[in-house]
Amino acid sequence: MDFCPVLPGEQPGTAVAPPPELERVLLGGGGAIGTGIALILDLLRVSGELAVVDREVFEKPNVTSYSTGTLAEAAALLPKVRLIAARLRRIAVTPFHGTVQDAIEAVDTGTLPWPRTVLGGLDSVSARHDLQRLHADLTLDGSTGGPVGTTVALHEALPTGPCLRCYYKADHTGKSAEQRLNELTGLPLARIARGQEPLTEQDLEGLDDQQRQLVRQFLGRPVCGLINSPELGGGTDDVFRPSAAFVAQQAACLVVGAWIARSTGLITGPVRRIEYDTRFGPQPDQMTDHWAPVPECACQKDAALIERVREFRRTRR
């Protein structure tokens, strides 16, 4: 799909400076927002280098809500990082098929470059908190949400605060995705932890008849990402609902626009939180505010330790 038939600078009488190159940038999340970011970077003919981190594979339900990807690629269960790498024709992509925690460990061992800028397109609070632990100079987090999934937002975060943990409070009362998947399917937590391994007939052993019937339809698919499958939704209010592609693309526009504005100096000053409902469009006088760091947040209490970690990662290069 292509919702941008006219590119910047193509209209008569317009002159648009080329976007900057990607330098020490990491994209966290290859879902609806992540593929939207990839689409926009490709349309803008951005070049440079980009690391892409995601642990999941592209599946059939993703085809209608993502900005890139075909039914054939869904049938092949192509890793989302590979899907994005194929779209970014002018960018040297380092695809990292794993969790953000895995990426952090790779950064600290020197096998993955430490990013100075992080573009976020994740869909959970815990994943965003992990993304913050990369301690990049600037993190630009895009999100969709609201009761009908039409609200989009941008959170600009700093290692000195406000960070993503200031913006997104951890919910210690709810069950983790792994616990919910265990309850829904009967799969042991130890098996769920091996999320990259495809389900086999052997995994059906020990399940009751109802659980076996439910899990059988996922044979051949990795465990990771199953909790977001429509087959496991059950119609509950707290189930993950992917937004329409055009909604996620607007969140992606906020992220890419902020990256261009901050990296070129077009926007300076305090970091911002921007939010609006796509049903009504941007409201210039109402959608931007500034947050102060939360005093009890780790970015404030552990500021000296965070700076030591950042200094260590700077030396790894």
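Author: Asp277 has a relative accessibility of 16% and so counts as buried; buried means under 20% relative accessible area, exposed over 50%, and partly exposed in between, with a 1.4 Å probe and protein chains only. The model is predicted: local features need pLDDT of at least 70 and side-chain atom pairs pLDDT 80 or more, while totals for chains, interfaces and linings use all residues. Residues are numbered from 1 along each chain as its sequence is written, and side-chain values use heavy atoms, without hydrogens and water.

The partner of Asp277 is Arg279, in a salt bridge of 2.7 Å from N to O; the term requires a side-chain nitrogen of Lys or Arg within 4 Å of a carboxyl oxygen of Asp or Glu. Arg279 counts as exposed because its relative accessibility is 53%.

Glu156 and Arg272 form another salt bridge, with 2.6 Å between the closest N and O atoms. Glu156 belongs to strand E6 (residues 151-157) and Arg272 to the loop between H10 and strand E7 (273-277), so the pair ties together parts 116 residues apart in sequence. Helices (H or I, at least four residues) and strands (E, at least two) are DSSP runs, numbered from the N terminus. Glu156 and Arg272 are both buried.

A further salt bridge joins the side chains of Glu307 and Arg314, at 2.6 Å from N to O. Glu307 is partly exposed, its relative accessible area being 36%. Glu307 and Arg314 also belong to a network of salt bridges that links them with Arg116, Asp137, Arg310 and Glu311.

Side chains of opposite charge can pair when their charged atoms come close. Over the whole structure, a search finds 21 salt bridges.

As for the setting, the protein chain has twelve helices and eight strands. Of its 317 residues, 47% are buried. Contact means heavy atoms within 4.5 Å; among contacts in the protein chain between residues at least 6 apart in sequence, 64% join residues at least 24 apart.

H10 (residues 245-264), which was named above, packs with helix H1 (residues 32-43) at an angle of about 55°, the axes being 8 Å apart. Axes here are lines fitted to C-alpha atoms, for helices over the stretch in contact, and angles run from 0 to 180 degrees between N-to-C directions.
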